[in-house]
Amino acid sequence: MAKVELKQPVIEEIAGQIKDAQSVVLVDYRGLTVEEDTRLRKELREAGVTYKVYKNTMMNFAFKGTDFESLAPNLEGPSAIAISTTDATAPARVLSKFAKTAPKLELKAGVVEGTYYDAAGIEEVAKVPSRDELLAKFLGSIQSPIANFARVIDQIAKAGGAEAAPADAEVKAEEPAAEAAAEAPAAEAPAAE
């Protein structure tokens, strides 16, 4: 079998994984211990991220003609790829967090939702909360005014509707007096002429 025939399935595997990817991040994994690598793979798997080590030439061929072609210049030295099809910030977030405990892990670059980021850019992307966290914050901000309104209504109801009735009666009693006062000057005006 020719070398090309052996390489083609690997290239197709990479292309298939990145086809629907929201983000792809490249890292240099040199210097990681087996324990660290196992822990990293577990964290990425829990976040729904595919993590694999491929040859740079294979990744380069798979990236050609895709949004991830801009990663080609970063394919030097040992490279691993983290791919997410569901959460665009998950690979950057998990890898960045892990790199703080394992300084040997080096972020190279990545493409998140079609935009290329260098290592510093990936660090910034990592600061973006996950989709679930953003939805929780959004729902909390929507619920807060409603909950406050419900509390105020509840406090008014507990204070008693009896207090609200006299206040209404006072307002209604003031209205006829105000109307009479407004009519009185109008009635005096013709008499003065």
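Modeller: A residue is called buried here if its relative accessible area is under 20%, exposed if over 50%, and partly exposed in between (1.4 Å probe, protein chains only). This is a predicted model, in which local features need pLDDT of at least 70 and side-chain atom pairs count only at pLDDT 80 or more, while totals for chains, interfaces and linings use all residues. Residues are numbered from 1 along each chain as its sequence is written, and side-chain values use heavy atoms, with hydrogens and water left out.

The chain has 193 residues, of which 30% count as buried. Its secondary structure comes to seven helices and five strands; these are DSSP runs, numbered from the N terminus, of H or I over at least four residues for helices and of E over at least two for strands. From the N terminus on, the order is α-β-α-β-α-β-α-β-β-α-α-α. Contact means heavy atoms within 4.5 Å. Among contacts between residues at least 6 apart in sequence, 77% join residues at least 24 apart.

The interior can be taken by its nonpolar cores, each a set of buried Ala, Val, Leu, Ile, Met, Phe, Trp, Tyr and Cys residues joined through side-chain atoms within 4.5 Å. In soluble globular proteins, nonpolar side chains tend to be buried together. The largest nonpolar core of this model has 23 residues, and V27, L40, L44, Y51, L95 and L105 have the most contacts inside it. Two or more residues each come from β1, α2 (34–46), β3 (80–84), α4 (90–101), β4 (106–112) and α5 (119–126). The largest share, six residues, is that of α4. Apart from this core lies another, of 18 residues, including I14, L26, M58 and V111.

Helix α2 shows how an element can face the interior on one side. The buried residues of α2 are E36, D37, L40 and L44. Seen down the axis of α2, these fall within an arc of 95°, so they line one face of the helix; the arc is that of the directions from the helix axis to the C-beta atoms. On the face turned away from the buried side, α2 carries the exposed residues V34, E35, R45 and E46. Packing against the buried residues of α2 are β2 (50–53) and α4. L40 itself, leaving aside neighbours within four places in sequence, is in contact with L32, Y51, L95, F98 and L105. After α2 comes G48, with a positive phi near 80°.

Strand β3 is another matter. Five of the five residues of β3 are buried, so β3 is largely enclosed by the rest of the structure. A80, A82 and S84 point one way from the strand, I81 and I83 point the other way, and all are buried. Strands count as paired if DSSP finds at least two bridges between them. β3 pairs with β1 in the antiparallel sense over five bridges, with V27 opposite A80. β2 and β3 are likewise antiparallel, over four bridges, and here K52 has I81 as its bridge partner.

The end of β1 (residues 23–28) brings in D28. At 5% relative accessibility, D28 counts as buried. Residues up to four places away in sequence not counted, D28 touches P78, K104, L105, E106 and K108.

D87 lies in the loop between β3 and α4. D87 is buried, because its relative accessible area is 15%. Beyond its neighbours within four places in sequence, D87 is in contact with Q22, S23, R93, S130 and R131.

Two further helices complete the account. In α5, the residues G121, I122, V125 and A126 are buried. Seen down the axis of α5, they fall within an arc of 145°, so they line one face of that helix. Among the elements that cover them are β1, α4, β4 and β5 (115–118). In α3 (residues 56–63), N56, M58, M59, A62 and F63 are buried. Their arc, seen down the axis of α3, is within 160°, so these residues also line one face of their helix. G65, which follows α3, has a positive phi near 80°.
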